[in-house]
Amino acid sequence: MPVVAWIKPLIVACLSVGVLKVNQPKIDRFLMAFFRDLGRHKARKRANAGNNKSLITTLLRKDNPMEDIMIEQEDESSNLPTYTPAELLEFGNGLGDHPILIGIMGRVYDVSSGERFYGPEGRYSLFAGHDITYALSTGCRTKECVEMPPNGLEGKQILEAKRWLSFFHMHDKYPLVGKLEGNYFQDLLSELVDLSIQQNGGDSKGNIQPPIF
């Protein structure tokens, strides 16, 4: 039996008998992260038949989520519209004819196809029209956390934000439709360029260097 087939029933069984003796918020954070990373693994396999990262590697968070982000053509001259926080809320709240938009690390995704999650009756309805970087990176889904700017995130929180960015970026039904006002988008591009240079043996100017044997 495939690993994925028995993991979910196992978790449900553990929760039902009280093996995971933690409070509900911790359970919620654990399950959100688990199914996020399971989704990332499946999306990575669909996108890259040669993917050699195991499910366990992803679930144990030993992978680099930035490797999943391919935005070489998306720079400051791209046609992606820029949203201020007020515009994101006004035009991406999912009410009436408006789509459901969310912001994560400076990027804006249309999650309208996930209305049962992010719509007015959904579990994550508060996310609609907001930059949810802080909420997802800290695992806090209260109104105060959803409205909190992502300033001051550190270490593990930033890494969590990158994993969530990877999840939305690789999702088949959540297209990238814009960027948020601020420096996040440019900072992300710079990090991806640096990562690409490292992977291809380039120097600080982006010139590819021959391999050293």
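Is Arg163 buried or exposed in this predicted model? Arg163 counts as buried, because its relative accessibility is 4%. The legends below begin with the overall fold and then turn to individual sites.

**Figure 1. Overview of the predicted chain and its confidence.** The model is predicted. The chain comprises 9 helices and 5 strands. Read from the N terminus, the order of these elements is α-α-α-β-α-β-β-α-β-α-α-α-β-α. Of the 213 residues in the chain, 38% are buried. Among contacts with a separation of 6 or more, 63% involve residues 24 or more positions apart. The average pLDDT of the chain is 77, and 68% of the residues score at least 70. Residues 72–77 have a pLDDT below 50, and this stretch has 12 contacts in the model beyond near neighbours in sequence. Where pLDDT is low, the predicted coordinates should not be read in detail.

Figure 2. Helix α2 covers residues 24–47, a run of 24 residues. At 1.5 Å a residue, the helix should span 34 Å, and the distance of 34 Å between its end C-alpha atoms agrees with that expectation. Several residues of α2 are buried, including the nonpolar Ile27, Met32, Phe34 and Leu38. The buried residues of this helix also include Asp28, Arg36, Asp37, Arg40, His41 and Arg44. Arg36 counts as buried because its relative accessibility is 1%.

Figure 3. Glu160 is found in helix α8. Its relative accessible area is 14%, so Glu160 is buried. Glu160 forms another salt bridge with Arg163, where the closest N and O atoms are 2.9 Å apart. Glu160 and Arg163 are 3 residues apart in helix α8, so about one helical turn separates them. An α-helix has 3.6 residues a turn, so residues three or four places apart point the same way. Through shared partners, the salt bridges join Arg36, Glu160 and Arg163 into one network. Apart from its neighbours within four places in sequence, Glu160 is in contact with Arg36, Arg61 and Ser137.

**Figure 4. The salt bridge of Glu147 and Lys143.** The whole structure contains 3 salt bridges, one of which pairs Glu147 with Lys143. The closest N and O atoms of Glu147 and Lys143 are 2.7 Å apart. Glu147 counts as partly exposed, because its relative accessibility is 45%. Lys143 is likewise partly exposed, with a relative accessible area of 45%.

**Figure 5. The disulfide of Cys140 and Cys145.** The count for the model is 1 disulfide. The sulfur atoms of Cys140 and Cys145 are 2.0 Å apart in this link. The link is right-handed, with 80° about the S-S bond. A disulfide is a covalent bond between the sulfur atoms of two cysteines. Cys140 counts as buried at 19% relative accessibility, because the cut-off for burial is under 20%. Cys145 is also buried, with a relative accessible area of 12%.

**Figure 6. The nonpolar cores.** The largest nonpolar core holds 22 residues. The members that touch the most other members are Ile102, Ile104, Val111, Tyr118, Phe127, Leu136 and Phe168. Two or more residues of this core come from each of β2 (101–104), α6 (133–138) and α8 (155–170). The largest share, 5 residues, is given by α8. A second, separate core of 5 residues includes Tyr83, Leu101, Val108 and Leu180. In soluble globular proteins, nonpolar side chains tend to be buried together.

**Figure 7. The surroundings of Phe168.** Leaving aside neighbours within four places in sequence, Phe168 is in contact with Ile102, Ile104, Tyr109 and Val111, among others. The contacts of Phe168 also include Tyr118, Ile132, Leu136 and Tyr174.

How values were computed:
Residues are numbered from 1 along each chain as its sequence is written. Side-chain values use heavy atoms; hydrogens and water are left out. pLDDT is the predictor's confidence in each residue, from 0 to 100. Contact means heavy atoms within 4.5 Å. A disulfide is a pair of cysteine sulfur atoms within 2.5 Å. Buried means under 20% relative accessible area, exposed over 50%, partly exposed in between (1.4 Å probe, protein chains only). Helices (H or I, at least four residues) and strands (E, at least two) are DSSP runs, numbered from the N terminus. The expected span of a helix is 1.5 Å times one less than its number of residues. A nonpolar core is a set of buried Ala, Val, Leu, Ile, Met, Phe, Trp, Tyr and Cys residues joined through side-chain atoms within 4.5 Å. A salt bridge is a side-chain nitrogen of Lys or Arg within 4 Å of a carboxyl oxygen of Asp or Glu.
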